[in-house]
Amino acid sequence: MVHQGTRSERRISSVFLGIVAIMAVTGWAVWTGYAASPGLAVFLFVTSAWVVSLCLHEYAHARTALHSGDLTVGAKGYLTLNPLKYTHALLSIILPVIFVIMGGLGLPGGAVYIERDRIRGRWKHSLISAAGPLANVAFAAVCTAPFWLNALDGVPLAFRFALAFLALLEVSAAILNFLPVPGLDGYGIIEPWLSYRVRREVAPLAPFGLIAVFALLWIPAVNTWFFGVVDGLLSALGVSDLEAYCGHQLYRFWQEGDGYFCAVPQS
């Protein structure tokens, strides 16, 4: 029987609940048009929802590790969904938020620290790594559900655009996380199946994997190809390029853009 941790180790933190509350209030403001500035409301709603998804991403890693044999994740606070408990809060929360603000990209952050020597079985190691990006996939499915279910009647434009942009962030994060690049979850999925020699030679590259991906995305051809893949997946889910673009325009409320056709009527 696997020890599930004490109740305090599993209690949802007030920090996470506060972020969820911000998401709920600002989501309501976007839906009702109550906010004086729709862009600011969209910014706060999408940012808080993005942080919630990052917390769920890390929680998925930790929860899967707990059931796979690492009983230390509870004592480390990973099961409370508190982003301040992460080993690399800068990588896990702050940098991904900065990347969204700078360029509208759902760049993955650093993972919680899992004591891998406590876990037996290659499949378990792979599943722990896959659990995080699968949480992004689930979040993306929820965001896009109104689109692929054709349930958008009555959904205000601002909220529709915000969901479209949030879906873009989740889809891009899932794709990037699944890349088999050292330091990212995609490599963690295949790593247990590689030879010891290969793992030892690749290990020093892990700290630079995320930096390398970010640098590659600055190359116009790579950036165009990547977002072409993201747009293709969103289109398959019923989210148009225009809706995601308008969501990004609203999100960057401080920047004068050419998105006049994205104007949202104010109540």
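## Cysteines, helix packing and positive phi values

Cys-143 is buried, its relative accessible area being 3%. The model described here is predicted. Cys-55 likewise counts as buried, because its relative accessibility is 0%. The number of disulfides in the structure is 0.

**Packing of H6 and H11**

Helix H6, spanning residues 157-177, packs with helix H11, spanning residues 241-251, at an angle of about 100 degrees. Their axes lie 7 Å apart. The angle therefore makes H6 roughly perpendicular to H11. On the H6 side, the contact is formed by Ala-158, Arg-160, Phe-161, Ala-162, Ala-164, Phe-165 and Leu-168. H11 contributes Glu-243, Ala-244, Cys-246, Gly-247, His-248, Leu-250 and Tyr-251. Sorted by class, the residues of this contact are 10 nonpolar, 2 polar and 2 charged.

Leu-81 is not a glycine, yet has a positive phi. Asn-150, also a residue other than glycine, has a positive phi as well.

| Residue | Phi |
|---|---|
| Leu-81 | about 65 degrees |
| Asn-150 | near 55 degrees |

Leu-81 is located in the loop between helix H3 (38-68) and helix H4 (89-103). With a relative accessibility of 7%, Leu-81 counts as buried. Asn-150, by contrast, counts as exposed, because its relative accessibility is 68% and the cut-off for exposed is over 50%. Asn-150 is placed in the loop between helix H5 (122-148) and H6, and H6 is the helix that packs with H11.

Notes:
Residues are numbered from 1 along each chain as its sequence is written. This is a predicted model: local features need pLDDT of at least 70, side-chain atom pairs count only at pLDDT 80 or more; totals for chains, interfaces and linings use all residues. Side-chain values use heavy atoms; hydrogens and water are left out. Axes are lines fitted to C-alpha atoms, for helices over the stretch in contact, and angles run from 0 to 180 degrees between N-to-C directions. Helices (H or I, at least four residues) and strands (E, at least two) are DSSP runs, numbered from the N terminus. Angles under 35 degrees count as roughly parallel, over 145 as roughly antiparallel, 65 to 115 as roughly perpendicular and the rest as oblique. Contact means heavy atoms within 4.5 Å. Ala, Val, Leu, Ile, Met, Phe, Trp, Tyr, Cys and Pro count as nonpolar, Asp, Glu, Lys and Arg as charged, and the others, Gly among them, as polar. A disulfide is a pair of cysteine sulfur atoms within 2.5 Å. Buried means under 20% relative accessible area, exposed over 50%, partly exposed in between (1.4 Å probe, protein chains only).
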